[in-house]
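Reader: I would like to go through this structure feature by feature. Please give the general rule before each case.

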Amino acid sequence: MATPAHRMFRRLEGLFCVYKPPGVHWKLVRDGIETNLLKGLNAAPSRSLPREVRFSAHPVSDPDAPKGLSLSAGSVPVLAKHPLVSGPEFQRMRVGVGHRLDSFSSGVLVLGVGNGNKALNDLYRTRVTRDYTLEGEFGTATDDFSHKGSVVERSTYGHITQDKLDKVLAMLEGANQKALLMYSKVDMRSQEAYEMAVHGLLGPEGKSQPILTGLRCVQFHPPNFTLEVQCLNETQKYLCKVVHEIGLELRSTAVCKGVRRTRDGPFTLRDALIHRHWTASDVIQAVRQYHSSKKNTLYSQKQIHTPACRPPEESTTTVNEMERATKRE
(Lines give C-alpha, C1' and ligand atoms only; values in the text may rest on other atoms or scores of the structure.)
Protein backbone atom coordinates (compact mmCIF):
# COMPACT_ATOMS: atom_id res chain seq x y z
CA MET A 1 0.00 0.00 0.00
CA ALA A 2 1.38 3.38 -1.02
CA THR A 3 2.14 5.90 1.68
CA PRO A 4 0.78 9.49 1.57
CA ALA A 5 4.26 10.68 0.59
CA HIS A 6 4.36 8.30 -2.39
CA ARG A 7 0.90 9.43 -3.52
CA MET A 8 2.07 13.04 -3.32
CA PHE A 9 5.17 12.21 -5.37
CA ARG A 10 3.01 10.72 -8.13
CA ARG A 11 1.15 14.02 -8.35
CA LEU A 12 4.49 15.86 -8.59
CA GLU A 13 5.66 13.87 -11.62
CA GLY A 14 5.46 16.02 -14.73
CA LEU A 15 6.63 19.33 -16.18
CA PHE A 16 6.39 22.83 -14.73
CA CYS A 17 8.29 26.08 -15.04
CA VAL A 18 9.68 28.66 -12.64
CA TYR A 19 10.96 32.21 -12.99
CA LYS A 20 14.74 32.33 -12.64
CA PRO A 21 15.89 35.72 -11.35
CA PRO A 22 19.01 37.34 -12.83
CA GLY A 23 22.32 36.85 -11.04
CA VAL A 24 21.43 33.33 -9.85
CA HIS A 25 22.89 30.14 -11.34
CA TRP A 26 20.37 27.65 -12.66
CA LYS A 27 21.87 24.91 -10.45
CA LEU A 28 21.01 26.90 -7.33
CA VAL A 29 17.43 27.22 -8.58
CA ARG A 30 17.16 23.49 -9.23
CA ASP A 31 18.73 22.54 -5.88
CA GLY A 32 16.45 24.95 -3.98
CA ILE A 33 13.34 23.51 -5.62
CA GLU A 34 14.52 19.95 -4.98
CA THR A 35 15.05 20.78 -1.28
CA ASN A 36 11.59 22.32 -0.98
CA LEU A 37 9.94 19.34 -2.66
CA LEU A 38 11.73 16.88 -0.39
CA LYS A 39 10.60 18.88 2.66
CA GLY A 40 7.01 18.79 1.42
CA LEU A 41 7.10 15.06 0.76
CA ASN A 42 8.66 14.16 4.10
CA ALA A 43 6.21 16.42 5.94
CA ALA A 44 3.30 14.29 4.69
CA PRO A 45 1.64 12.17 7.41
CA SER A 46 3.34 8.81 7.75
CA ARG A 47 1.71 5.45 8.24
CA SER A 48 1.48 3.98 11.71
CA LEU A 49 4.38 1.77 12.67
CA PRO A 50 3.96 -1.95 11.99
CA ARG A 51 3.65 -4.13 15.03
CA GLU A 52 5.18 -7.47 15.88
CA VAL A 53 4.66 -10.11 18.55
CA ARG A 54 7.35 -10.44 21.17
CA PHE A 55 7.68 -12.79 24.11
CA SER A 56 8.85 -11.35 27.40
CA ALA A 57 10.16 -13.45 30.27
CA HIS A 58 9.53 -12.63 33.94
CA PRO A 59 9.83 -14.59 37.20
CA VAL A 60 6.92 -16.60 38.51
CA SER A 61 4.97 -14.68 41.15
CA ASP A 62 3.09 -17.68 42.57
CA PRO A 63 5.02 -19.04 45.62
CA ASP A 64 3.53 -22.51 45.27
CA ALA A 65 4.66 -22.86 41.63
CA PRO A 66 8.10 -24.27 40.82
CA LYS A 67 10.88 -21.76 40.48
CA GLY A 68 11.60 -20.50 36.94
CA LEU A 69 10.50 -17.99 34.35
CA SER A 70 7.21 -17.56 32.60
CA LEU A 71 6.71 -16.19 29.07
CA SER A 72 4.00 -13.78 27.99
CA ALA A 73 3.22 -12.63 24.43
CA GLY A 74 2.68 -8.96 23.60
CA SER A 75 2.30 -6.74 20.51
CA VAL A 76 4.90 -3.95 20.27
CA PRO A 77 5.73 -1.42 17.47
CA VAL A 78 8.71 -2.07 15.19
CA LEU A 79 10.99 0.81 16.12
CA ALA A 80 13.36 0.03 13.25
CA LYS A 81 10.72 1.49 10.89
CA HIS A 82 10.48 4.77 12.83
CA PRO A 83 11.59 7.84 10.79
CA LEU A 84 13.97 8.86 13.56
CA VAL A 85 15.74 5.52 13.07
CA SER A 86 15.44 4.84 9.33
CA GLY A 87 15.61 8.48 8.24
CA PRO A 88 13.16 10.43 6.03
CA GLU A 89 11.17 8.48 3.45
CA PHE A 90 12.49 10.54 0.51
CA GLN A 91 16.16 11.49 0.62
CA ARG A 92 16.84 12.20 -3.05
CA MET A 93 14.77 13.29 -6.03
CA ARG A 94 15.57 13.64 -9.69
CA VAL A 95 14.72 17.13 -10.91
CA GLY A 96 15.66 17.72 -14.56
CA VAL A 97 16.27 21.09 -16.19
CA GLY A 98 15.24 22.02 -19.73
CA HIS A 99 16.96 24.65 -21.87
CA ARG A 100 19.23 26.37 -19.37
CA LEU A 101 19.72 30.03 -18.56
CA ASP A 102 23.08 31.50 -17.57
CA SER A 103 23.55 33.63 -14.46
CA PHE A 104 23.19 36.88 -16.43
CA SER A 105 19.77 35.94 -17.85
CA SER A 106 16.33 35.59 -16.29
CA GLY A 107 12.91 34.26 -17.21
CA VAL A 108 11.16 30.96 -17.83
CA LEU A 109 13.06 27.83 -16.76
CA VAL A 110 11.35 24.47 -17.43
CA LEU A 111 11.84 21.64 -14.92
CA GLY A 112 10.75 18.01 -14.77
CA VAL A 113 10.21 15.70 -11.78
CA GLY A 114 10.35 11.90 -11.92
CA ASN A 115 8.79 10.64 -15.16
CA GLY A 116 8.63 14.27 -16.27
CA ASN A 117 12.32 14.01 -17.25
CA LYS A 118 11.37 11.75 -20.17
CA ALA A 119 8.65 14.21 -21.19
CA LEU A 120 11.28 16.94 -20.95
CA ASN A 121 13.49 15.16 -23.50
CA ASP A 122 10.51 14.52 -25.78
CA LEU A 123 9.55 18.20 -25.60
CA TYR A 124 12.90 19.43 -26.91
CA ARG A 125 12.93 16.91 -29.74
CA THR A 126 9.96 18.70 -31.31
CA ARG A 127 11.95 21.80 -32.33
CA VAL A 128 10.26 24.16 -29.91
CA THR A 129 10.97 27.86 -30.29
CA ARG A 130 11.71 30.28 -27.48
CA ASP A 131 10.95 33.97 -27.07
CA TYR A 132 13.30 36.48 -25.48
CA THR A 133 13.27 40.15 -24.59
CA LEU A 134 16.67 41.81 -25.09
CA GLU A 135 17.61 45.13 -23.51
CA GLY A 136 20.33 46.94 -25.49
CA GLU A 137 22.27 50.17 -25.28
CA PHE A 138 24.10 51.94 -28.11
CA GLY A 139 27.46 53.66 -27.80
CA THR A 140 29.55 51.05 -25.96
CA ALA A 141 31.32 47.78 -26.83
CA THR A 142 32.64 45.29 -24.27
CA ASP A 143 34.69 42.11 -24.40
CA ASP A 144 31.75 39.82 -23.53
CA PHE A 145 29.00 41.84 -25.34
CA SER A 146 27.22 42.62 -22.02
CA HIS A 147 27.20 45.81 -20.00
CA LYS A 148 29.14 44.06 -17.21
CA GLY A 149 32.20 43.38 -19.37
CA SER A 150 35.31 45.48 -19.84
CA VAL A 151 34.74 48.42 -22.17
CA VAL A 152 36.83 48.15 -25.34
CA GLU A 153 35.27 50.91 -27.46
CA ARG A 154 32.92 53.87 -27.31
CA SER A 155 31.11 55.42 -30.26
CA THR A 156 28.41 57.90 -31.23
CA TYR A 157 24.82 56.88 -31.83
CA GLY A 158 23.01 60.11 -32.74
CA HIS A 159 22.64 59.07 -36.38
CA ILE A 160 20.64 55.93 -35.49
CA THR A 161 16.89 56.09 -36.05
CA GLN A 162 14.21 53.48 -35.54
CA ASP A 163 13.74 53.12 -39.31
CA LYS A 164 17.40 52.26 -39.74
CA LEU A 165 17.18 49.80 -36.87
CA ASP A 166 14.10 48.15 -38.36
CA LYS A 167 15.87 47.71 -41.71
CA VAL A 168 18.82 45.98 -40.04
CA LEU A 169 16.46 43.70 -38.10
CA ALA A 170 14.57 42.80 -41.29
CA MET A 171 17.86 41.98 -43.01
CA LEU A 172 18.94 39.70 -40.13
CA GLU A 173 15.57 37.99 -40.04
CA GLY A 174 15.67 37.32 -43.78
CA ALA A 175 19.16 35.81 -43.57
CA ASN A 176 18.04 33.52 -40.74
CA GLN A 177 14.94 32.44 -42.66
CA LYS A 178 17.21 31.23 -45.47
CA ALA A 179 19.30 29.34 -42.90
CA LEU A 180 16.12 27.78 -41.50
CA LEU A 181 15.18 26.42 -44.93
CA MET A 182 18.72 25.19 -45.56
CA TYR A 183 18.90 23.22 -42.28
CA SER A 184 15.39 21.79 -42.69
CA LYS A 185 16.58 19.15 -45.19
CA VAL A 186 13.17 19.15 -46.86
CA ASP A 187 12.43 19.83 -50.51
CA MET A 188 10.82 23.26 -50.50
CA ARG A 189 8.80 22.37 -53.62
CA SER A 190 7.13 19.35 -51.99
CA GLN A 191 3.72 19.06 -50.37
CA GLU A 192 5.43 17.90 -47.16
CA ALA A 193 7.28 21.20 -46.86
CA TYR A 194 4.04 23.14 -47.35
CA GLU A 195 2.19 21.18 -44.68
CA MET A 196 5.09 21.50 -42.23
CA ALA A 197 5.22 25.25 -42.80
CA VAL A 198 1.45 25.58 -42.23
CA HIS A 199 1.64 23.76 -38.89
CA GLY A 200 4.84 25.53 -37.80
CA LEU A 201 6.92 22.34 -37.89
CA LEU A 202 9.50 23.54 -40.39
CA GLY A 203 12.88 23.57 -38.68
CA PRO A 204 16.35 22.09 -38.54
CA GLU A 205 16.85 18.35 -38.12
CA GLY A 206 18.87 17.77 -34.95
CA LYS A 207 21.30 20.38 -33.71
CA SER A 208 22.17 23.31 -35.89
CA GLN A 209 23.48 26.82 -35.68
CA PRO A 210 21.30 29.29 -33.72
CA ILE A 211 18.47 30.54 -35.91
CA LEU A 212 16.37 33.67 -35.37
CA THR A 213 12.83 33.07 -36.62
CA GLY A 214 11.49 36.45 -35.50
CA LEU A 215 13.09 39.79 -34.63
CA ARG A 216 11.48 43.16 -33.99
CA CYS A 217 12.02 46.35 -32.02
CA VAL A 218 9.33 47.08 -29.42
CA GLN A 219 10.91 50.11 -27.75
CA PHE A 220 13.37 52.70 -29.02
CA HIS A 221 14.66 55.47 -26.76
CA PRO A 222 18.28 56.14 -27.74
CA PRO A 223 20.66 55.00 -26.50
CA ASN A 224 18.37 52.33 -25.06
CA PHE A 225 16.27 49.92 -27.13
CA THR A 226 14.30 46.71 -26.57
CA LEU A 227 14.04 43.77 -28.94
CA GLU A 228 11.71 40.77 -29.04
CA VAL A 229 13.38 37.67 -30.44
CA GLN A 230 12.04 34.24 -31.40
CA CYS A 231 14.74 31.65 -31.96
CA LEU A 232 15.91 28.01 -32.14
CA ASN A 233 19.03 26.33 -30.72
CA GLU A 234 20.24 29.58 -29.20
CA THR A 235 22.39 30.44 -26.23
CA GLN A 236 22.24 33.61 -24.18
CA LYS A 237 25.82 34.39 -25.22
CA TYR A 238 24.74 34.27 -28.87
CA LEU A 239 21.85 36.68 -28.22
CA CYS A 240 24.25 39.17 -26.62
CA LYS A 241 26.44 38.85 -29.69
CA VAL A 242 23.41 39.59 -31.92
CA VAL A 243 22.93 42.91 -30.11
CA HIS A 244 26.62 43.67 -30.67
CA GLU A 245 26.35 42.89 -34.40
CA ILE A 246 23.28 45.11 -34.73
CA GLY A 247 25.33 47.99 -33.38
CA LEU A 248 28.10 47.31 -35.91
CA GLU A 249 25.59 47.19 -38.81
CA LEU A 250 24.38 50.63 -37.74
CA ARG A 251 27.99 51.94 -37.75
CA SER A 252 28.05 52.19 -34.00
CA THR A 253 28.42 49.83 -31.05
CA ALA A 254 25.94 48.21 -28.68
CA VAL A 255 25.92 46.08 -25.54
CA CYS A 256 23.25 43.84 -24.07
CA LYS A 257 21.94 45.00 -20.69
CA GLY A 258 19.50 42.17 -20.06
CA VAL A 259 18.20 38.86 -21.45
CA ARG A 260 14.80 37.62 -20.32
CA ARG A 261 13.14 34.50 -21.66
CA THR A 262 9.40 35.04 -21.94
CA ARG A 263 8.42 31.70 -23.51
CA ASP A 264 9.92 28.23 -23.76
CA GLY A 265 7.74 26.05 -25.96
CA PRO A 266 4.26 25.89 -24.36
CA PHE A 267 5.43 27.56 -21.13
CA THR A 268 5.10 31.34 -20.72
CA LEU A 269 5.74 33.88 -17.98
CA ARG A 270 2.13 33.46 -16.86
CA ASP A 271 2.87 29.81 -16.00
CA ALA A 272 6.16 30.50 -14.19
CA LEU A 273 6.29 30.10 -10.41
CA ILE A 274 8.12 32.85 -8.53
CA HIS A 275 10.38 32.11 -5.57
CA ARG A 276 7.75 32.11 -2.83
CA HIS A 277 5.71 29.54 -4.77
CA TRP A 278 8.52 26.98 -5.07
CA THR A 279 6.64 24.60 -2.76
CA ALA A 280 5.26 21.09 -3.22
CA SER A 281 1.61 22.21 -3.21
CA ASP A 282 2.18 24.93 -5.83
CA VAL A 283 4.25 22.61 -8.03
CA ILE A 284 1.49 19.97 -7.89
CA GLN A 285 -1.02 22.59 -9.08
CA ALA A 286 1.33 23.73 -11.87
CA VAL A 287 1.87 20.15 -13.07
CA ARG A 288 -1.87 19.52 -13.06
CA GLN A 289 -2.46 22.71 -15.04
CA TYR A 290 0.13 21.67 -17.64
CA HIS A 291 -1.49 18.24 -18.05
CA SER A 292 -4.94 19.79 -18.53
CA SER A 293 -3.68 22.33 -21.09
CA LYS A 294 -1.87 19.56 -22.96
CA LYS A 295 -5.06 17.52 -23.15
CA ASN A 296 -6.99 20.54 -24.45
CA THR A 297 -4.33 21.16 -27.10
CA LEU A 298 -4.42 17.55 -28.29
CA TYR A 299 -8.22 17.63 -28.42
CA SER A 300 -8.28 20.85 -30.47
CA GLN A 301 -5.69 19.45 -32.90
CA LYS A 302 -7.79 16.30 -33.28
CA GLN A 303 -10.86 18.40 -34.03
CA ILE A 304 -8.95 20.33 -36.70
CA HIS A 305 -7.71 17.19 -38.47
CA THR A 306 -11.07 15.37 -38.24
CA PRO A 307 -12.97 15.76 -41.56
CA ALA A 308 -16.32 17.45 -41.48
CA CYS A 309 -19.36 15.21 -41.05
CA ARG A 310 -20.93 14.22 -44.30
CA PRO A 311 -24.54 13.12 -44.77
CA PRO A 312 -24.94 9.39 -45.42
CA GLU A 313 -25.30 8.25 -49.01
CA GLU A 314 -28.75 6.82 -48.37
CA SER A 315 -30.20 10.16 -47.36
CA THR A 316 -28.60 11.84 -50.40
CA THR A 317 -30.17 9.25 -52.69
CA THR A 318 -33.55 9.76 -51.09
CA VAL A 319 -33.38 13.51 -51.65
CA ASN A 320 -32.48 13.00 -55.32
CA GLU A 321 -35.43 10.63 -55.81
CA MET A 322 -37.80 13.16 -54.25
CA GLU A 323 -36.52 15.88 -56.61
CA ARG A 324 -37.10 13.62 -59.65
CA ALA A 325 -40.62 12.77 -58.49
CA THR A 326 -41.41 16.47 -58.10
CA LYS A 327 -40.22 17.19 -61.65
CA ARG A 328 -42.42 14.40 -63.09
CA GLU A 329 -45.47 15.80 -61.39
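Author: Start with burial: buried means under 20% relative accessible area, exposed over 50%, and partly exposed in between, with a 1.4 Å probe and protein chains only. The model is predicted, so local features need pLDDT of at least 70 and side-chain atom pairs count only at pLDDT 80 or more, while totals for chains, interfaces and linings use all residues. Residues are numbered from 1 along each chain as its sequence is written, and side-chain values use heavy atoms, with hydrogens and water left out.

Reader: What is a salt bridge here, and how many are there?

Author: A salt bridge is a side-chain nitrogen of Lys or Arg within 4 Å of a carboxyl oxygen of Asp or Glu. By this rule the count comes to 10. One of them pairs E52 with R54, with the closest N and O atoms 2.7 Å apart. E52 is partly exposed, because its relative accessible area is 28%.

Reader: How are helices and strands assigned, and how many does the protein chain have?

Author: Both are DSSP runs numbered from the N terminus: helices are H or I with at least four residues, strands are E with at least two. The protein chain has nine helices and 12 strands.

Reader: Which parts of the chain does the salt bridge between R263 and D131 tie together?

Author: The side chains of R263 and D131 meet at 2.9 Å, N to O. R263 lies in strand β11 and D131 in strand β6 (residues 130-138), so the pair ties together parts that are 132 residues apart in sequence. R263 counts as buried because its relative accessible area is 16%.

Reader: Where do E137 and K257 lie?

Author: E137 and K257 form a salt bridge whose closest N and O atoms are 4.0 Å apart. This pair also links distant parts of the chain, with E137 in strand β6 and K257 in strand β11, 120 residues apart. Relative accessible area is 25% for E137, which is therefore partly exposed; K257, at 36%, is partly exposed. Elsewhere, R130, E234, R261 and D264 are linked in a network of salt bridges.

Reader: How is a contact defined, and what share of the contacts join residues at least 24 apart?

Author: Contact means heavy atoms within 4.5 Å. Among contacts between residues at least 6 apart in sequence, 70% join residues at least 24 apart. Of the 329 residues of the chain, 37% count as buried.

Reader: Which residues form the nonpolar patch on the surface?

Author: Patches are made of residues with over 30% relative accessible area and no salt bridge; like charges are joined within 9 Å, and nonpolar side chains (Val, Leu, Ile, Met, Phe, Trp, Tyr) within 5 Å. Accessible areas come from the Shrake-Rupley method with a 1.4 Å probe, and for residues only the protein chains shown count as cover. V53, F55 and L71 form such a nonpolar patch, with about 380 Å² of accessible area together. F55 lies in strand β2 (residues 51-59) and counts as exposed because its relative accessibility is 62%. The whole chain exposes about 20800 Å², with carbon and sulfur atoms supplying 53% of it.

Reader: Which residues other than glycine have a positive phi, and are they buried or exposed?

Author: F145 has phi near 70° and sits in the loop between β7 (140-142) and β8 (151-154). F145 is buried, because its relative accessible area is 19%. R251 has phi near 55°, in the loop between α7 (236-249) and β11 (254-264). R251 is exposed, because its relative accessible area is 77%.

Reader: Which residues does the cis peptide bond join?

Author: The bond joins P222 and P223, with omega about 5°. P223 is found in the loop between β9 (211-221) and β10 (224-232).
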